[in-house]
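Subject: Structure handover

Hello,

Here is the structure, followed by notes on what was found in it.

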Amino acid sequence: MKNKVEETFKMRFGGPATAVARAPGRVNLIGEHTDYNEGFVLPMAIDRAVWIAFRARNDLRVKVHSIDFNETIEFSLDGLAKGGPEWGEYIKGVAWALTLDGTPIHGWEGVMSGDVPRGAGLSSSAALELAAARVFAEVSALSWDPMKTALLCQKAENRWVGVNCGIMDQLVSSAAAAGHALLIDCRSLELQHVPLPRGTVVVVMDTKTRRGLVDSEYNERRGSCERAARTMGVRSLRQIDEARLKHSEETLDDAARRRARHVISENARTLEAVDAMRHGNAGLLGRLMNTSHASLRDGFEVSTRELNTMVEIACAQPSCHGARMTGAGFGGCAIALVQETEVDRFCRDVAKGYEVSTGIAPDLYPCSPSGGTELIPLKKA
């Protein structure tokens, strides 16, 4: 991918790029629907990324060609306006957020490509935002601050693009460490790097179904959580443990009670998963993933027939420690923790079983934990 964007840059711009920025996609191992409840999440950056080969310009213009879309955008930093290809809005949004922060930024030209599957819930949008932010930092001689940059990229997606995402995607793309997942405390934003158990691989299993009614369903789930917190007299469900929930359950309506039970138990599972990973206990991590899926399916009610089928087939494989849906739900991807030596067989058998059961050919992606956003200087010819 790096060579691809370098060579295309030379052809389009008549000379070499000076550097390449790389920002990874991500998958969430455990900790689902906990982020907006000020809880814990445990995402992992994956070895699929967005790459941008670039060089600085002497003006305030930005010109970027996308190999994947075969489109080019061009805009001026002193006249930012919406319009053009959707992918370009993420780059403009980063420029807007940096400018709003009072940061002087300069123009550049670049060529981008990526192998993060779009629409699969692996956060190709955050990868594009962080790659663009890394380019702006380099051409504008800015110090690189992963936390601050992640927050600015989140603002870009929330307020420029118009997607009400949390901080998880941008933060793991910016601050991940190779070989590790990233525990994020969504209240304090404290980060802890946690190693994946040795000899295991995370397999992303795309059901090839996409989310329907996600906005209204998401808002209902979030509203139920907020209602439960208000009823129990706290700001967020992060402040409630299982003992207090049990004591207060009779004061909650049925939906709020089930949603709160998932969030509170999921926070506990996420911390237990961290402990299991630090002790190399793949079996316990897998069991926690299984329990997480059951809670999302039955308590939070965000799974689907296809996601459940994928998880059941995965868990039936001898090499699988555990599996769960990942992401907001209502379609998209599941993940499995698999013995490294059996990954090829696992992917083959699960894909076959899922297609027989559903009539849909899935995509399975074995993934390694990647480091976060980086700059790769290029040697001068």
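**Salt bridges**

Arg-235 is exposed, with a relative accessible area of 62%; the classes are buried for under 20%, exposed for over 50% and partly exposed in between, with a 1.4 Å probe and protein chains only. This is a predicted model, in which local features need pLDDT of at least 70 and side-chain atom pairs count only at pLDDT 80 or more, while totals for chains, interfaces and linings use all residues. Residues are numbered from 1 along each chain as its sequence is written, and side-chain values use heavy atoms, with hydrogens and water left out.

Arg-235 pairs with Glu-38 in a salt bridge, 2.8 Å from N to O. The term stands for a side-chain nitrogen of Lys or Arg within 4 Å of a carboxyl oxygen of Asp or Glu. Arg-235 sits in the loop between helix 6 and helix 7 (242-248), and Glu-38 in the loop between strand 1 (19-30) and strand 2 (40-56), so the pair ties together parts 197 residues apart in sequence. Helices (H or I, at least four residues) and strands (E, at least two) are DSSP runs, numbered from the N terminus. Glu-38 counts as buried, at 18% relative accessibility.

The structure holds 29 salt bridges.

- Arg-55 and Glu-109 have their closest N and O atoms 2.7 Å apart. Arg-55 is in strand 2 and Glu-109 in strand 5 (residues 108-114), so this pair ties together parts 54 residues apart in sequence. Glu-109 is buried, at 10% relative accessibility.
- Lys-10 and Glu-7 have their closest N and O atoms 3.7 Å apart. They are three residues apart in helix 1 (residues 2-13), and therefore separated by about one helical turn. Lys-10 is partly exposed at 38%, and Glu-7 is partly exposed at 44%.

Salt bridges that share partners also join Glu-220, Arg-221, Asp-254, Arg-257, Arg-258, Arg-259 and Glu-301 into one network.

**Nonpolar cores**

A nonpolar core is a set of buried Ala, Val, Leu, Ile, Met, Phe, Trp, Tyr and Cys residues joined through side-chain atoms within 4.5 Å. The largest one has 39 residues, and Val-203, Met-205 and Phe-346 have the most contacts inside it. Elements giving two or more residues to this core include strand 8 (200-206), helix 6 (214-231), helix 8 (254-278) and helix 11 (343-358). Helix 11 gives the most, with six residues.

Beyond its neighbours within four places in sequence, Phe-346 is in contact with residues including Val-203, Met-205, Ala-314, Cys-320, Val-338 and Leu-364; contact means heavy atoms within 4.5 Å. Another core lies apart from the largest one and has 35 residues, among them Ile-52, Trp-108, Ala-127 and Phe-136.

Just after helix 3, Ala-141 takes a positive phi of about 55 degrees.

The second largest pocket has about 160 Å³ of space. A pocket is an open set of points on a 1 Å grid over the protein atoms alone, where a 1.4 Å probe fits, with protein on both sides within 12 Å along at least five of seven lines; lining residues have an atom within 4 Å of a point. Grid points are joined across faces, edges and corners, and the volume is the space filled by probe spheres set on the points. The lining includes Leu-98, Asp-101, Ala-133, Trp-144, Lys-148 and Leu-152. Helix 3 and helix 4 (146-161) each supply at least two lining residues, and helix 4 gives the most, with three.

Regards
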